Amino acid sequence: MALIDPGSVSQTYDVIVVGSGAAGGQTAYTLTMDGARVLMLEAGRNYDPRTESPMFQTPDAAPLRAQGTPEKPFGFFDATIDGGWAVPGEPYTNASRESGRDFKWWRARMLGGRTNHWGRISLRNGPYDFKPHSRDGLGFDWPISYEDVAPYYDKVEMLIGVYGTNEGLENTPNSPEGVLLPPPKARIGELLARQRGRGLGIPVIPAHRAVLSRPLDYQALPAKLHPGNAKAQRILAEDMANRVACFWATPCGRGCAIRANYQSTTVHIPPAMATGNLDILPRAMAREVTVDPAGKATGVTYIDKATGREHHVSGRVVVLAAGACETARILLNSKSSLFPGGLGNSSGLVGKYVMDTVGASWGGQIPLLESLPPHSEDGAGGDHVYTPWWLYKEQLAGKLGFARGYHVEFTTGRQMPEGFIEFGDGPRGGTSYGANLREEARRFYGSFVTFTGRGEMIPNADSYCELDPKVVDKWGIPVLRFNWKWSEHEIRQVAHMQRTFSDWITAMGCTSMDRPDPDARKAIQPGGSIIHEVGGAIMGSKPSASVTNAWSQTWDVRNVFVADGGVFASNADKNPTLTIMALAWRTADRILDELRKGNL
Amino acid sequence: MNPNNPVRIDRRVAIKWMLAVSAGAMLARGRALGGAAAGADAPVEAGYGTDPNLLKPYKAGDYWALTFNQAQRRQAAVLADIILPAEGASPSASSIGVVDFLDEWVSAPYPDNVRDRKIILDGLSWVDDESVRRFGKPYTSASDSEKISLCEEMSRSTQGQPDPGSAHAFFRLLRDLVASGYYTTPVGMRDIGYVGNMPLAKFEGPPAELIQKLGLADEVKW
């Protein structure tokens, strides 16, 4: 089994997995390690970070000094290929042109999907995050609790490798002893932010990121992750031994050729391939899940992008892991006489309650950080510290005017200059040049801090995707039309971010800051910008009010599962990737169980 | 004035050195400012595509035809070297490829570049015309002090005055582009003290003396 083309698809598989990112990678890993035969469909091309990551390239070797463009939105060296908010030939539409009502849909059409470029921030949802409705009466409770997911958080963290500490803060769960890797030392600006944050009552603690700060314990971990499965243990031990610890240079977003951070393509897919149980079919654009007259799924129809031809693959189980909105699209396009409104949609809720993360940021220049002695701040290629939401009690007491919290990410320091740099007008007024410019560039370089808020959006009935009645993509597949609306909770949350960041920056000694726009509606980033979209196939305890049950199994068709963020019934401020993987592992375990029992 | 330039000067000066340090900041400028730059999400014709080879070294002109004629190149080189002349061990802007970068930038098909192209090309013409009007010769033939006097004037924030406003906007953009082209090279990085992009066995964090100096010794313990 291996990387295949449509001609070498075997007759039938135990499980067809649509998608190869955090959800598809984890699902395929868990299933194949336990002996299931899996076919993975990926809409993009094969991609190998070991040979394709531009790790040490400097911007002068790239077009436009590596500045982001619509074709490479996060910069030329970003790992994403064939991706962005616009994918040629694969449009989407927005129902409204009104400001604040549009949604931007990010796709990454490549093996591993967006796990190749993500920030590696790996935060657990806490107990409140699974029962938000019980806490404040808004949104929905999940049919599962933190305790149901905790063992899977443990497993995922052990498998992928996450640095961080256990601080015991409210709704910010600890990991069991020995699971987390040691965090890297904080950068100087991060230390200053920590000190000055204390006066404002804002905690700063080590970030949790999926980067190996030391090699994984390949002798002990495989037995913990795959008890009683000698073959899986042997494969994983061999694979883990080949992952190298971070060498403290180059941004994670470029991808990691030495496999020191988590990407599906460096952590999930290689061991899954080594089992011999995985076939990967790239450039396969899933169109719909097919069902038999009895209402059982039979497989997936896809377009081979190389030829434009339609093919069908069969499996006993279908797992959708295409990314929340693409999964909703496939379900809605899976129309049959049994399911005229799309598969899994008897509740009418497929595509409904799409949530992104609330995002806003503000920064300033810090005189204390001027003219520092040169030293490397590359570090782990991303955040070393962060601030978990710290005002749970005030919020519950109704003192804040918005119901859900946000965490804070930091950008400080002396990163490699890249792309277009805006210098602004200097302290002398006007546009500095010549000797003044040289002096200011040396003095101010590395003296900036930017705080980025990442907040929880409450699901609402006005934020959803549906099939556009007219538009199809270049493969003839109906596309999504988005509807979007922020509630006052998100807008007020952003206003709080702006006030907090501006106070914090001032407390760090900044005297030269643009004041934030008092209108938070202008500061909030458009829906989809943060690329944390989840929902659209939410899980619940009643078939009338949810798309899947607590096992991410669609209520309507018992051999169809949703493994990606589609099942999220809320979108905590915690970045969704770790939770997606934990749920995918749990779902895959359930599938294995049900297959063994003959229930699928 | 460049409508997307966020600098709003109201007696206070916002110092920027806005590095593309985070994923968010790497976004095309129109988007990073929260506005919807027209067409920023539309597929682009004649760019480098969505799957360029990321490992191969590129030079200006590899993907799209360049724009500057000989006279514009000479003029851009003179201005670039006024903005960043050689100093000590640091070479001048034009000697490390900054003019090629400017040409590549204004020639690219992306929305930000198309917008900047007009500002830069119009600005170069304006500078030449103004030089002829004031000094009776094109800019590159003017004396050093004449050349600098015009830059000095363009560098000043001149809110409220009609015509020179666009010259100031041009000069600020040109300065940002020259500095961007310069400090994103290994030579420029060395000049400002960027250290990194080299594998390390251990991440040491900030130097101990720096932590002491800023009074942050208590902050390193978790």
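This report describes the fold of chain A in a predicted model and then turns to the contact between chain A and chain B.

## Overall form of chain A

Chain A contains 15 helices and 17 strands. Its radius of gyration is 24 Å, which is close to the 25 Å that the globule rule gives for 600 residues, so chain A is as compact as a globular protein of that length. Taken along the principal axes, the box filled by the C-alpha atoms of chain A is roughly 75 × 50 × 45 Å.

Of the 600 residues of chain A, 64% count as buried. When contacts in chain A between residues at least 6 apart in sequence are considered, 74% of them join residues at least 24 apart.

## The five-stranded sheet

One open sheet of chain A is built from five strands in the order β6-β12-β13-β14-β11, and its pairing is antiparallel. The edges are held by β6 (205–206) and β11 (358–365) of chain A, each of which pairs on one side only. Within the sheet, strand β12 (residues 385–387) of chain A runs antiparallel to strand β13 (residues 406–412) of chain A, and two bridges join them; Tyr386(A) has Glu409(A) in β13(A) as its bridge partner.

Helices also pack on this sheet. Helix α6 (residues 188–198) of chain A touches β12, β13 and β14 (448–455) of chain A, and its direction makes about 135° with that of β13(A). Helix α13 (residues 488–507) of chain A lies across β11, β13 and β14 of chain A, running at about 15° to β11(A).

## The three-stranded sheet

Another open sheet in chain A has three strands in the order β4-β16-β15, with mixed pairing. Here β4 (93–94) and β15 (464–472) of chain A stand at the edges, and because each has a single partner strand, one side of each is left without a neighbour in the sheet.

The pairing of β15(A) with strand β16 (residues 478–483) of chain A is antiparallel and extends over five bridges, and the bridge partner of Val472(A) in β16(A) is Pro478(A). Helix α10 (residues 324–333) of chain A lies across both β15 and β16 of chain A, at about 60° to β15(A).

## A helix pair in chain A

Helix α5 (residues 146–160) of chain A packs against helix α15 (residues 577–596) of chain A with the axes 8 Å apart and at an angle of about 110°, which means that α5(A) is roughly perpendicular to α15(A).

On the side of α5(A), the contact is made by Val149(A), Tyr152(A), Tyr153(A), Lys155(A) and Val156(A), while α15(A) contributes Leu578(A), Met581(A), Ala582(A), Leu583(A), Trp585(A) and Arg586(A). By class, the residues of this contact between α5(A) and α15(A) are nine nonpolar, no polar and two charged.

## The contact between chains A and B

The contact between the two chains takes 93 residues from chain A and 82 residues from chain B. On the side of chain B that touches chain A, the elements that give two or more residues are α2 (70–83), α3 (98–107), α5 (144–155), α6 (162–183), α7 (186–192) and α8 (208–213) of chain B. The largest share of that side, eight residues, comes from α6(B).

Sorted by class, the side of chain B that touches chain A has 53 nonpolar, 16 polar and 13 charged residues.

Terms used. Residues numbered from 1 in each chain as written. Chains lettered and ligands numbered in written order. Predicted model: local features only at pLDDT ≥ 70, side-chain atom pairs only at ≥ 80, totals over all residues. Pairing = 2+ DSSP bridges. Helix = DSSP H or I, 4+ residues; strand = E, 2+ residues; numbered from the N terminus. Contact = placed C-beta atoms within 7 Å. Axes fitted to C-alpha atoms, helices over the stretch in contact; angles between N-to-C directions. Nonpolar A, V, L, I, M, F, W, Y, C, P; charged D, E, K, R; others polar. Rg over C-alpha atoms; globule rule 2.2 N^0.38 Å. Buried ≥ 20, exposed ≤ 12 C-beta atoms within 10 Å, placed from the backbone. Parallel < 35°, antiparallel > 145°, perpendicular 65-115°, else oblique.
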